[in-house]
Amino acid sequence: MKTYIILSLFLFVSVLGFSQVKKPTTYNLLLTGASFASDKNGWFEIGCETIGAQAINRAVDGETIVNTANKMYAGILYSPEELETLDALVIMHTHNQNVMDSSQLKDDYRDYKLPFDNSNYARAYDYVIKKYITDCYNKKDDPASRYYGKKEGKPAAIILCTDWHDARTIYNTSIRELAKKWGLPLVEFDKNIGFSKNQLHPVTKDQYSLLYSYDTQVIDGVRFGWHPGRGKQQYIQQRLGAIFANTLSRFFN
C-alpha cells in the first residue's frame, strides 16, 4: 500500500512538473474572430502555450467574418512576411448565422463585390477560405519565398471553430457542413465543453452556460449564457484552451 501511495505521488508531481515546462515554439498561429476570440479571453493563448505555438491574435470585439474578409481584401489581416511563416489561420467568428448557404456563392472569389456588407456571412466565409488558399498557393511564384517553385505552393491550413457551447444551433450546424465541404479541421468546443443545452443544471434548474457567463442571450425563447468570463484564470477559458490544444496537437502531430 505504501509503495502504491509513493508511486501515485511521484506520477502526480511528474505530470504537474511537465505541465509547467514551457515548450519550445514550433508553430505560428493567427486567430481572427470577435469578442469570443479576443485576447481578453485567454483560451487561444493558453492553447498555444500548451502546444508550443506563437499566438498571433487579430480578433476584435464586435467584428464579424465580414470584417475579416474586408481586411483580407485590403491586405491588412496579415503581411506577406507573416503569411510566409504562418502554420495555420484559425477562425472563430461564431455569430448565429448560416455560414454554409451556397445559393449566392461565386466559384471565383474575385467575382464578389467588395468590400462586403453584413448581409451574407456565407459569402464572407467563402471569400476568406478561398483567398487564404490562393494567397498560400501563390507563394510558389514569389522568388523571396521558401515555397518558390513548389508545385503546391505553401500548404494552406485553415482551422474552424464552433461556438463555445451548443445553443447556437444555426451556426454550429452550418460550420460543421462548411468544414466537411472543404475538409478542414474543426475545434468542437460545443461537444467538449462539459455541458449541454439539452440538460438543465440539477440545482439551479437553468442552463449551465449561465453559470459561466457575464451576460445572456435568448435563442428560440430560451435564455443562455452569452460571453464567458474573461481571463486565463477562468475555468471556461482554461477548458477552451485545452480543447483547442487537443485539436491542434492531433492536427500537427
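Guide: Start with a cut-off. Buried means under 20% relative accessible area, exposed means over 50%, and partly exposed lies in between. Keep in mind that this is a predicted model.

Visitor: Why is Phe252 called partly exposed?

Guide: Its relative accessibility is 21%.

Visitor: What makes Tyr27 buried?

Guide: Tyr27 has a relative accessible area of 16%. The cut-off is under 20%, so Tyr27 is buried.

Visitor: How do you know that the rings of Tyr27 and Phe252 are stacked?

Guide: Take the distance, then the angle. The centres are 4.1 Å apart, and a pair needs centres within 6.5 Å. The planes stand at 15°, and stacked means under 30 degrees. Therefore the pair is stacked. Tyr27 sits in strand 1 and Phe252 in helix 8, 225 residues apart.

Visitor: Why is the pair of Trp43 and Phe189 called edge-to-face?

Guide: The planes are 70° apart, with 5.2 Å centre to centre. Edge-to-face asks for over 60 degrees. Trp43 belongs to helix 2 and Phe189 to helix 7, 146 residues apart. Both are buried.

Visitor: What makes Ser38 buried?

Guide: Ser38 has a relative accessible area of 3%. Buried means under 20%, so Ser38 is buried. Ser38 lies in the loop between strand 1 and helix 2. Beyond its neighbours within four places in sequence, Ser38 is in contact with Asn57, Ala59, Asp61 and Arg230.

Visitor: How do you know that strand 3 and strand 4 pair?

Guide: Pairing needs at least two bridges. Strand 3 and strand 4 have three, in the parallel sense. Leu89 has Ile158 in strand 4 as its bridge partner. The chain crosses from strand 3 through helix 5 to strand 4, and this β-α-β crossover is right-handed.

Visitor: What makes strand 4 and strand 5 a pair?

Guide: Two bridges join them, and they run parallel. The rule asks for at least two. Leu160 stands opposite Leu186 in strand 5.

Visitor: Which residues have the most contacts inside the largest nonpolar core?

Guide: They include Ile91, Tyr125, Tyr132 and Leu160, and the core has 34 residues. Helix 5 gives the largest share, eight residues. Not counting residues up to four places away in sequence, Tyr132 touches Met72, Leu89 and Ile158, among others.

Definitions and conventions: Residues are numbered from 1 along each chain as its sequence is written. This is a predicted model: local features need pLDDT of at least 70, side-chain atom pairs count only at pLDDT 80 or more; totals for chains, interfaces and linings use all residues. Side-chain values use heavy atoms; hydrogens and water are left out. A nonpolar core is a set of buried Ala, Val, Leu, Ile, Met, Phe, Trp, Tyr and Cys residues joined through side-chain atoms within 4.5 Å. Buried means under 20% relative accessible area, exposed over 50%, partly exposed in between (1.4 Å probe, protein chains only). Helices (H or I, at least four residues) and strands (E, at least two) are DSSP runs, numbered from the N terminus. Contact means heavy atoms within 4.5 Å. A crossover is right-handed if, with the strands pointing away from the viewer, the path from the first strand over the helix to the second runs clockwise. Rings of Phe, Tyr and Trp (its six-membered ring) pair if their centres lie within 6.5 Å; planes under 30 degrees apart count as stacked, over 60 as edge-to-face and the rest as tilted.
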